[in-house]
Protein chains: 2
Amino acid sequence: MKREKISELTTNRLSVYLRCLNDLAAAGIKTVSSQGLAEQFNLNSAQIRKDLGYFGEFGVRGVGYFIDDLRANLTKILGLDKPHRVGIVGAGRLGTALANYNGLSKSNFAVVALFDNDHEKVGHHVGPDRIPVYDVKKIAKVVRDEGIDVCVIAVPARVAQRVLNQVMAADVKAVLNFAPAALTARLGVKVKTVDLTTSLQSLSYFLARPQAGRLTNARRGVVRVDEIATSDRRDA
Amino acid sequence: MKREKISELTTNRLSVYLRCLNDLAAAGIKTVSSQGLAEQFNLNSAQIRKDLGYFGEFGVRGVGYFIDDLRANLTKILGLDKPHRVGIVGAGRLGTALANYNGLSKSNFAVVALFDNDHEKVGHHVGPDRIPVYDVKKIAKVVRDEGIDVCVIAVPARVAQRVLNQVMAADVKAVLNFAPAALTARLGVKVKTVDLTTSLQSLSYFLARPQAGRLTNARRGVVRVDEIATSDRRDA
DNA sequence: CTCTGTGAAGTCATTCACAGCG
DNA sequence: CGCTGTGAATGACTTCACAGAG
């Protein structure tokens with residue numbers, strides 16, 4: 001076990017490993033080798049061992065990893081053993097779609113509030129879970145009352161930085177941003193941006209040059225699918 | 001102008017530069033230096049010059065870049081001078097939210113079809129643009145008839161690989177995948193995955209260890225916000 | 001004198017390769 | 001003997017630093 005700084009590429013992969021382990025466990029499988037895991041993602045097995053090695057020695061030589069054990073360890077490492085409470089700023093289409101996305105609840109994230117500045121929306125409840133929509137001005141209070149620790153920004157780019165500032169003022173330390181804007185956060189606040197426009201435009205580049213992308217990640221006739229996570233580097 | 005292979009990190013940044021140039025143009029500004037652009041993203045100016053340098057010499061020494069000129073060049077490089085037609089597979093919440101997302105039309109992407117296997121949905125039309133929902137079995141025909149060149153996968157992880165196979169069989173070469181699954185594509189097909197669960201779990205890691213993420217990208221007291229694109233690397 | 005374009009250096013990430021445990 | 005854990009080697013991306021154009 002070392003004490004190095006862990007890159008986001010690694011944490012993204014840990015999340016993917018965990019998902020895979022959950023599937024394997026559901027299939028009744030008890031152990032898996034780094035090689036076996038690696039094949040699921042067209043990844044190098046040393047990569048997996050290195051990623052895990054930052055946090056401890058979870059494997060058994062000659063055998064591999066006990067799935068239940070590794071699963072528990074990864075869950076703990078990723079901080080998923082405690083539930084997270086999510087607030088979504090922007091009750092438009094994207095915001096409400098995310099509020100009802102089932103994928104989140106599976107991994108201990110519960111959406112407990114939406115925020116909007118449209119008075120038509122404030123006071124209403126959204127989706128089968130009846131998530132309340134609050135006035136965006138009440139962020140600080142609702143964050144405190146509801147114990148929100150993660151916010152999602154789903155507002156137009158124009159106002160995204162202002163919203164981020166409000167969210168930071170409410171002392172939220174983790175933000176997932178869907179606005180196509182370069183945001184600046186203060187130290188200690190982690191912002192991850194998911195930029196659909198950029199993703200599509202990047203695809204467009206490869207469409208325009210079919211030869212591009214051939215060489216990278218090609219292996220055994222398949223192409224490794226991107227971003228074993230969200231891709232990204234440098235936060236990129 | 002060289003002839004090297006361009007990484008996805010670079011194409012992601014090009015998209016971000018283009019967006020910024022559009023904003024600057026709208027503000028009536030005529031020229032910008034790499035330094036000026038870099039400050040918008042907390043990026044190194046050499047990075048920007050290098051990214052552009054892969055494609056030509058667009059700058060003027062002593063001056064910087066003419067915004068209109070660079071904008072036209074980037075648009076061409078990214079293949080955004082020709083319109084793209086998008087089909088979305090999965091007419092659930094996420095799929096319909098994306099179908100109505102205005103951000104796409106802005107950059108020459110038009111959503112022209114949704115696909116679903118739920119017969120309740122097939123035949124209906126979605127949103128203010130009345131986008132038709134087709135039976136997923138008809139993908140190949142609709143792709144041909146409508147000239148679709150990009151598909152979005154917004155279905156449960158369980159069926160994502162099957163859907164990708166159908167999409168590839170319809171000869172679509174660019175796919176944006178929202179399903180939390182490691183997909184395998186054949187050579188010549190580019191898949192970019194946006195994985196919300198992984199993004200959130202990665203945030204959870206940093207919440208669990210506030211000291212993590214401190215060192216990276218810190219500069220002048222601010223933290224560069226991640227993934228100037230979709231973050232990532234290795235398509236990642 | 002300013003700012004680009006670009007080799008060279010530096011930094012960070014992935015893969016190799018193997019010692020050594022079970 | 002198989003498979004982990006890990007230093008060493010390689011490769012990729014970023015930043016430095018400066019020659020030279022305007």
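These legends describe close-up views of a predicted model of protein chains with DNA strands. In this predicted model, local features need pLDDT of at least 70 and side-chain atom pairs count only at pLDDT 80 or more, while totals for chains, interfaces and linings use all residues. Residues are numbered from 1 along each chain as its sequence is written, chains are lettered from A and ligands numbered from 1 in the order in which they are written, and side-chain values use heavy atoms, with hydrogens and water left out.

**View 1. The two domains of chain A.** Domain 1 of chain A covers 8-77, and domain 2 covers 84-196. These bounds come from an automatic or database domain assignment. Taken over C-alpha atoms, the centres of domain 1 of chain A and domain 2 of chain A are 31 Å apart.

**View 2. Protein around DNA strand C.** DNA strand C has 25 residues around it, with A:Arg13, A:Asn44, B:Ser34, B:Arg49 and B:Gly62 nearest. Sugar and phosphate make up 66% of the atoms of DNA strand C that come within 4 Å of the protein. A residue is near a strand if one of its heavy atoms lies within 4 Å of it. Helix H1 (8-26) and helix H3 (45-53) of chain A, and helix H3 (45-53) of chain B, each supply at least two residues of this surface. Helices (H or I, at least four residues) and strands (E, at least two) are DSSP runs, numbered from the N terminus. H3(A) gives the most, with four residues. By class, the surface near DNA strand C has six nonpolar, eight polar and eleven charged residues. Ala, Val, Leu, Ile, Met, Phe, Trp, Tyr, Cys and Pro count as nonpolar, Asp, Glu, Lys and Arg as charged, and the others, Gly among them, as polar.

**View 3. Polar contacts to DNA strand C.** A polar contact is a pair of N or O atoms within 3.5 Å; within protein, one must be able to donate a hydrogen and the other to accept it, and residues adjacent in sequence count only if both atoms are side-chain atoms. An N or O atom in the side chain of A:Asn44 is 2.8 Å from a phosphate oxygen. B:Arg49 places a polar side-chain atom 2.6 Å from a base nitrogen. B:Gly62 uses a polar backbone atom, 3.0 Å from a sugar or linking oxygen.

**View 4. Protein around DNA strand D.** Among the 25 residues that surround DNA strand D, the closest are A:Ser34, A:Arg49, A:Tyr65, B:Arg13 and B:Asn44. Sugar or phosphate holds 63% of the DNA strand D atoms within 4 Å of the protein, and bases hold the rest. A polar backbone atom of A:Phe58 is 3.2 Å from a phosphate oxygen of DNA strand D. B:Gln47 has a polar side-chain atom 3.3 Å from a phosphate oxygen of DNA strand D. H3(B) provides the largest share of the surface near DNA strand D, four residues.

View 5. B:Asp195 sits in the loop between strand S10 (190-193) and helix H9 (196-208) of chain B. Is B:Asp195 buried or exposed? B:Asp195 counts as buried because its relative accessibility is 3%. Buried means under 20% relative accessible area, exposed over 50%, and partly exposed in between (1.4 Å probe, protein chains only). The side chain of B:Asp195 reaches the backbone nitrogen of B:Thr198 at 3.0 Å. A polar atom of the B:Asp195 side chain also lies 3.2 Å from the backbone nitrogen of B:Thr197.
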